[in-house]
Amino acid sequence: MEKYIRKNIRELIPYSSARDEYKGENAIFLDANENPYNRPYNRYPDPLQTKLKEKIRLQNGINPENIFLGNGSDEAIDLLIRIFCNPGINNIIVTDPTYGMYEVCARINDVEVRKVSLNNDFSLDPGKIFEAVNEESRLIFLCSPNNPTSNLLSESAIKKIIEGFNGIVVIDEAYIDFSGTNGWLPMLPDYSNLVILRTFSKAWGLAGIRLGMAIADKEIIKALNKIKYPYNVNILTQAIAIKYLDKVERKEKLIKAIIKERNILQKKLESFKIVQKVYPSDANFLLIRINQPLKVFNFLKDHKLIVRDRSRVTLCDNCLRITVGTKKENKELLNLLKEYEKKFPQ
Ligand SMILES: *Cc1c(COP(=O)(O)O)cnc(C)c1O
């Protein structure tokens, strides 16, 4: 794996923080120029989030040396690009459509983005991916379930890509908890070039605390920890995540409720004349193809209900993306669509 890491990163001597150099707890700390008052917020956070990772290990069996924690999974996306891609030389491969942050992070770093269209049914064609790969390709980003298309990508297609690519394959599993599958974690020991992204923003309902995970071979995790900001996950985030990790049953209950609501919403949406198609979803949102999407979008917005206009996205013409809300919120959406159809007979 090391051969794919940029030379300047391999040779980098990372910043060593006070909390890196002394890791004990019960001591008098006069080493970090902190204010001695205002406890506990006066102290810098644990740079490697040891307690939190231990909690994750107990729950998911993932070894701390295989976990990177960041300020959202967006941080991991940015760091992976900076570890593996030389600006102006290397490129990344993404599917089209997919989550926009891979492209944005790459462009900020002056890294070329090669887009490979999904098939019309939003499935993944490994052959097309390999056509886009050249000797400067370092990362392939696959999002499964994919945003905004809401479908899982096929296991066999992903497997071909992991096994056939001389570089790193990142599978973004932000929505995996809504898919009824375990995702790629069990396969991690088999592939040293695989990175799995998970987030606390969706199924855990903790988007506001900004916490994301990259799970990978320990050499990749070492590189991520080497280049991250020393105190990238603050103490409030670490404490809240530790607290919520004890509430797995609550999390499972929420996921069940959201999936149930998703299935109800799917059926109800299909009954509207203006709705041409509701795509099957493995996530906590629905992609729908609808007549005059912008007019519908604006009508909903005027009634203070906001959905995402995806109609200018590849393969998603006339599409809106709708997050599954509470029962009450979904009912409000359906009522507004009824009102719209009444006002603008089809
Ligand atoms: C929402 C989402 C994320 C979450 O990003 P965070 O920075 O962890 O909030 C990651 N990937 C995809 C595809 C998403 O849709």
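**Figure 1. Salt bridges across the whole predicted model.** A search of the whole structure finds 20 salt bridges, and the structure shown is a predicted model. Side chains of opposite charge can pair when their charged atoms come close. One group of such residues, made up of R19, D31, E34 and R43, is linked in a network of salt bridges. The protein chain that holds these pairs contains 12 helices and 11 strands, and buried residues account for 49% of its 346 residues.

Figure 2. K222 counts as partly exposed because its relative accessibility is 49%, a value that lies between the limits of 20% for buried and 50% for exposed.

**Figure 3. A salt bridge between K327 and E261.** The side chains of K327 and E261 meet at 3.2 Å, taken from N to O. This pair links distant parts of the chain, since K327 lies in helix 12 (residues 327-343) while E261 lies in helix 10, 66 residues apart. K327 counts as exposed, with 51% relative accessibility, whereas E261 is buried, with a relative accessible area of 11%.

**Figure 4. A salt bridge between R289 and D317.** In this pair the closest N and O atoms are 3.6 Å apart. The pair links distant parts of the chain, with R289 in strand 9 (residues 285-290) and D317 in the loop between strand 10 (308-309) and strand 11 (319-323), 28 residues apart. R289 is buried, as its relative accessible area is 16%, while D317, at 42%, is partly exposed.

**Figure 5. A patch of positive charge on the surface.** The residues that gather in this patch are K243, K247, R250 and K253. R250 is found in helix 10, which runs over residues 248-270, and R250 counts as partly exposed because its relative accessibility is 43%.

Figure 6. Y41, L236 and I240 together make a nonpolar surface patch of about 300 Å². L236 has its place in helix 9, residues 235-245, and, with a relative accessible area of 47%, L236 is partly exposed.

Key:
Residues are numbered from 1 along each chain as its sequence is written. This is a predicted model: local features need pLDDT of at least 70, side-chain atom pairs count only at pLDDT 80 or more; totals for chains, interfaces and linings use all residues. Side-chain values use heavy atoms; hydrogens and water are left out. Patches are made of residues with over 30% relative accessible area and no salt bridge: like charges are joined within 9 Å, nonpolar side chains (Val, Leu, Ile, Met, Phe, Trp, Tyr) within 5 Å. Accessible areas come from the Shrake-Rupley method with a 1.4 Å probe; for residues, only the protein chains shown count as cover. A salt bridge is a side-chain nitrogen of Lys or Arg within 4 Å of a carboxyl oxygen of Asp or Glu. Helices (H or I, at least four residues) and strands (E, at least two) are DSSP runs, numbered from the N terminus. Buried means under 20% relative accessible area, exposed over 50%, partly exposed in between (1.4 Å probe, protein chains only). Lys and Arg count as positive and Asp and Glu as negative; His and the chain ends are not counted. The place of a charge is taken as NZ of Lys, CZ of Arg, CG of Asp or CD of Glu.
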